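Welcome! Here is a short briefing for anyone meeting this structure for the very first time. Take a look at the view below, and then read on.

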Amino acid sequence: MDDLRLVERDVDTQDIKIAARKVQVFYGDTHAIRDVDVDILDKTVTAFIGPSGCGKSTFLRCLNRMNDTIDVARVEGDIHLDGEDIYDAKVDPVQLRAKVGMVFQKPNPFPKSIYDNVAYGPKIHGLAKNKAELDEIVETALRRAALWDEAKDRLDEPGTGLSGGQQQRLCIARAVATEPEVLLMDEPCSALDPIATAQVEELIDELRQNYAVVIVTHSMQQAARVSQKTAFFHLGYLVEYDETGKIFTNPEDSRTESYISGKIG
Amino acid sequence: MTDATATPDAAPAPHRKKGGSLLELDARTRKRNAAEARFKAYGVIAITIGLLFLVALLFAIIRNGIPAFTQTFLTMEIVLDEETVEAAEGSIVATSQYRNMVAEALQVKLADVGIETDKEPRDLMLMLSPGVGAEVRRVVQESPELIGETVEFRFLTASRVDGYTKGRVQREDLARDRNLDATHLDIVDELMDQGVVERTFNLAFITGSDASESRPEEAGIGVSMLGSLFMMIVVLVCALPVGVAASIYLEEFAPKNRLTDFIEVNISNLAAVPSIVFGILGLAVFIQFAHLPQSAPLVGGLTLALMTLPTIVISTRASLKAVPPSIRDAALGVGASKMQAVFHHVLPLAAPGILTGTIIGLAQALGETAPLLLIGMVGFIASNYPDGLASGFLDPNSAMPAQIYEWAKRADPAYYERAWGGIIILLAFLMTMNIIAIILRRRFERRW
Ligand SMILES: Nc1ncnc2c1ncn2[C@@H]1O[C@H](COP(=O)(O)OP(=O)(O)O)[C@@H](O)[C@H]1O
Ligand SMILES: [Mg+2]
């Protein structure tokens, strides 16, 4: 199998969903993200790649203000979602996170039933008026996450009892249940076996129909398989950002080339 | 195989390993094994010593305390003759009239069972508890329909007689006694043979109230148990919400800065403050400043709540810390507010730990004596059951450990025995609470 086989590269739209300019992130005195400018397109899978510790997760967490929960973290610069500054003083991060969902590296279902896991977001955001509507939302979300067939008979069982891959798809279902506009995924497959990984990747490609998906991955093969755009981070800088095909076949920066060919790790 | 290891100078066999044979221990391994064996032996010795102390302690407690649960009774019939009862009720010293009634009946009883004695009725009465007159009166007043009948009474014997049947009082001891003498004991022996005097289980020790210095046979721990119960309610109601709220704030919401660090250090230090300090604080704040009633379970409970607070805060924070951060991320990630994340997800997972900590804090408070001394919850206080909630919280009462301390202080060895008995009851409570804590922890542990 050709590892660098690329998915169809046609980027459906050029609508900019998230625009970041001159973003700096500091952890105390550590300058973790330096001068990052990036435009993330709607209905597109954007991959962040780069050696570990280069700031991929940090930057991803800026996009839904999860860095707010870290005391020492400080974010500077502008990040606009649909033209609105998400770091504006008037923005409540809670509202933002309902629009920008997140899937984490380690599957982290709530220690509750599968149903409650998916229903939690819609419940707190008041998306369902009654039980029937909630049931429908849960079913749709589980179907989108390709988990419905496996889970429909055991909705009352704890989500923590699922296998790793199923748990991660449950987390994806939980994230899509709140009907976000952007889905952030931080190495969603790093804890999964190859089969579960393939399922999740297939899923990501489908999610592109409805969302802007940003995925952090340490696997270049994965970036090549699922994304249309790729951003290469190195030591806190965004080195290169382009069509995935271009990054993997004809990178402009020598650092990107070294990384792609395995010289920086 | 050749003995290659034994002859190092010989040409090395081609298959010989560098480190020598695996089948022989080298010097380093032998030394290490010896050290390990020694260390294990120390551990076993330490545990054995600990167990020996525990066994000795339990043995002492049970041996000294079990007799407190039994009491010697004398069963006899009294004719509640209408005239005599009326005369007694008309007198200003009613109970003493009833005593005379009992004395005469006792003389009759002895004659009935064929015991000859030339003792005066008053002298015979020394074998019974001083409280018998009052008991007859109580029965007469509670059920007047018994007047004119012959009623069977089960009287407490005097504590010396009780001590004699328990082996606590020897005949030689009576030489120094003011009133009871050896002939009394002969009568007791005979009555025991006849089954008139018996030693049986005494529920009144568990349910009863404290009695005066001269009547140890009447004293029970029940009222101070209620005092402890009311205090524990106050502790629970005050310390749990405050402690949990403080810990949630500190752990989940407060910024990490100098001030919160300072508060943290101080909470840990508070847990190590001697309890008597909390007692004097309670005295100064609740009684002298706020003018709450002295000796009341309310004040005791508030004081103990102060003492329990750090324990609850520490254990609550530990159990909040133990909830994996990924759960908080998950909740925040779907757009829950911080408070929703804490109350919907973190707190339920931390609840068993919080509960365990609370129970252990309560158990500590239950056994605490020193602060109670300072706010006056000790001494001869309770002789009545609280009649209702308000009086339960506000009327002077004692608490189990204070009651035990009080008994242990009294001169009569019969009280010493009751102190040990009280300790058995207190330990039973503490053990129950700890077992509940363990069960909770086991049942709810780590479900994520
Ligand atoms: N919570 C934190 N506190 C302090 N420094 C952090 C924290 N998280 C990440 N960092 C630092 O920021 C840099 C980028 O980390 P991260 O974004 O996790 O990298 P990546 O996801 O690309 O592996 C690293 O040097 C890391 O040590
Ligand atoms: Mg990362």
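This is a predicted model: local features need pLDDT of at least 70, side-chain atom pairs count only at pLDDT 80 or more; totals for chains, interfaces and linings use all residues.

**Where chain A meets chain B**

- On one side of the interface, 24 residues of chain A take part, and they are in contact with 18 residues of chain B.
- Together the two chains bury about 1,700 Å² between them, and 63% of that area lies on carbon and sulfur atoms.
- On the side of chain A that touches chain B, the elements giving two or more residues are helix H2 (93-99), strand E6 (100-103) and helix H3 (114-124) of chain A.
- That side of chain A is made up of eleven nonpolar, seven polar and six charged residues.
- How many residue pairs are in polar contact between chain A and chain B? The count is five, with both residues of each pair at pLDDT 80 or more.
- As for salt bridges across the interface of chain A and chain B, the rule finds zero.

**Salt bridges**

- Side chains of opposite charge can pair when their charged atoms come close.
- Over all chains, a search of the whole structure turns up 35 salt bridges.
- One example to look up is the salt bridge of A:Lys17 with A:Asp82, where the closest N and O atoms are 3.0 Å apart.
- This pair links distant parts of the chain, as its two residues are 65 residues apart.
- A:Lys17 sits in strand E1 (residues 16-27) of chain A, while A:Asp82 is found in the loop between strand E4 (73-81) and strand E5 (84-85) of chain A.

**The cavity**

- How many cavities of 30 Å³ or more does a search of the whole structure find? It finds one.
- The volume of this largest cavity is about 40 Å³.
- Its lining consists of B:Leu250, B:Lys256, B:Thr260, B:Asp261, B:Glu264 and B:Arg317.
- Helix H10 (residues 258-270) of chain B gives the largest share of that lining, with three residues.
- By type, the lining of the largest cavity divides into four charged residues, one polar and one nonpolar.

Key: Residues are numbered from 1 along each chain as its sequence is written. Chains are lettered from A and ligands numbered from 1 in the order in which they are written. Side-chain values use heavy atoms; hydrogens and water are left out. On a 1 Å grid over the protein atoms alone, a cavity is a set of points where a 1.4 Å probe fits but cannot get out, and a pocket is an open set with protein on both sides within 12 Å along at least five of seven lines; lining residues have an atom within 4 Å of a point. Grid points are joined across faces, edges and corners, and a volume is the space filled by probe spheres set on the points. Helices (H or I, at least four residues) and strands (E, at least two) are DSSP runs, numbered from the N terminus. Ala, Val, Leu, Ile, Met, Phe, Trp, Tyr, Cys and Pro count as nonpolar, Asp, Glu, Lys and Arg as charged, and the others, Gly among them, as polar. Contact means heavy atoms within 4.5 Å. Buried area is the accessible area (1.4 Å probe) that two parts lose on being put together, summed over both. A salt bridge is a side-chain nitrogen of Lys or Arg within 4 Å of a carboxyl oxygen of Asp or Glu. A polar contact is a pair of N or O atoms within 3.5 Å; within protein, one must be able to donate a hydrogen and the other to accept it, and residues adjacent in sequence count only if both atoms are side-chain atoms.
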